[in-house]
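Please look over the sequence and the model below before reading on. The briefing that follows goes from the whole chain to its sheets and then to its surface.

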Amino acid sequence: MKKFWLILSALMVIACAGLYAQYSFSPDRMLVIRDFKTGKIYVEYPVKVGDKLFFGWIHSWERIRWHEYYHIESNNTLVLDTICFPAFGAGIPENKGKRVRVENGMIYMEGIDQVFQQFDWINSHLATRDIKVNDMLLTSGRLLPEHTRLTLKIERRGLFHGRKKD
């Protein structure tokens, strides 16, 4: 009988170690957009290291289209690579990044390499445009709550992580 319990205990330890390893080393990541105040999740989408995030919005009273291009790092940060817009105006930088080019009437500032743990914004149905991952549309400003502070963040998900109930 003692041998039975010893074998059963060993199997339990092995099973627990396997589950722990699965949880600890799981590469699953989710792009999450949630309400800053309440934590309510509006968008969850699986992503991986190297995926490209596009965030498009309208800048200022002049309604200048502004495009931001990020990539996802292994530490779940977002790295701003490029910004793009058709004209300069108040609040638009004149020298961000390492390279500037003009293509099809758009100004591209590249090589920015600015790291974000997350980013927050006050959503507007008019100003927030498209949010895409690898050119696939995830959502747009008009599909998210108006005048609400939102957070976009990359989160690591393990085996036992369940979505918080809304």
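What share of the contacts in the protein with a separation of 6 or more comes from residues 24 or more positions apart? Such residues account for 54% of these contacts, where contact means heavy atoms within 4.5 Å. This is a predicted model, in which local features need pLDDT of at least 70 and side-chain atom pairs count only at pLDDT 80 or more, while totals for chains, interfaces and linings use all residues. Residues are numbered from 1 along each chain as its sequence is written, and side-chain values use heavy atoms, with hydrogens and water left out.

**Overall make-up**
- The protein has one helix and 11 strands, which are DSSP runs numbered from the N terminus (helices are H or I with at least four residues, strands E with at least two).
- From the N terminus on, the order of elements is α-β-β-β-β-β-β-β-β-β-β-β.
- Of the 166 residues, 39% count as buried, that is, under 20% relative accessible area, whereas exposed means over 50% and partly exposed lies in between (1.4 Å probe, protein chains only).

**The sheet of seven strands**
- Seven strands form an open sheet with antiparallel pairing in the order S6-S7-S5-S4-S3-S9-S10, and two strands pair if DSSP finds at least two bridges between them.
- Strand S6 (99-103) and strand S10 (136-140) each have a single partner strand, so one side of each is left without a neighbour in the sheet.
- Neighbouring strands of this sheet are turned by 25° against each other on average, direction ignored, with axes fitted as lines to C-alpha atoms and angles from 0 to 180 degrees between N-to-C directions.
- Five bridges join S6 to strand S7 (residues 106-116) in the antiparallel sense, and Glu-103 has Met-106 in S7 as its bridge partner.

- Strand S1 (residues 29-35) and strand S11 (residues 149-156) run antiparallel and are joined by seven bridges, with Leu-31 standing opposite Ile-154 in S11.

**Surface**
- The accessible surface of the protein comes to about 10,500 Å², of which 59% belongs to carbon and sulfur atoms, as computed by the Shrake-Rupley method with a 1.4 Å probe.
- Trp-5 lies in helix H1 (residues 2-25) and counts as partly exposed because its relative accessibility is 47%.
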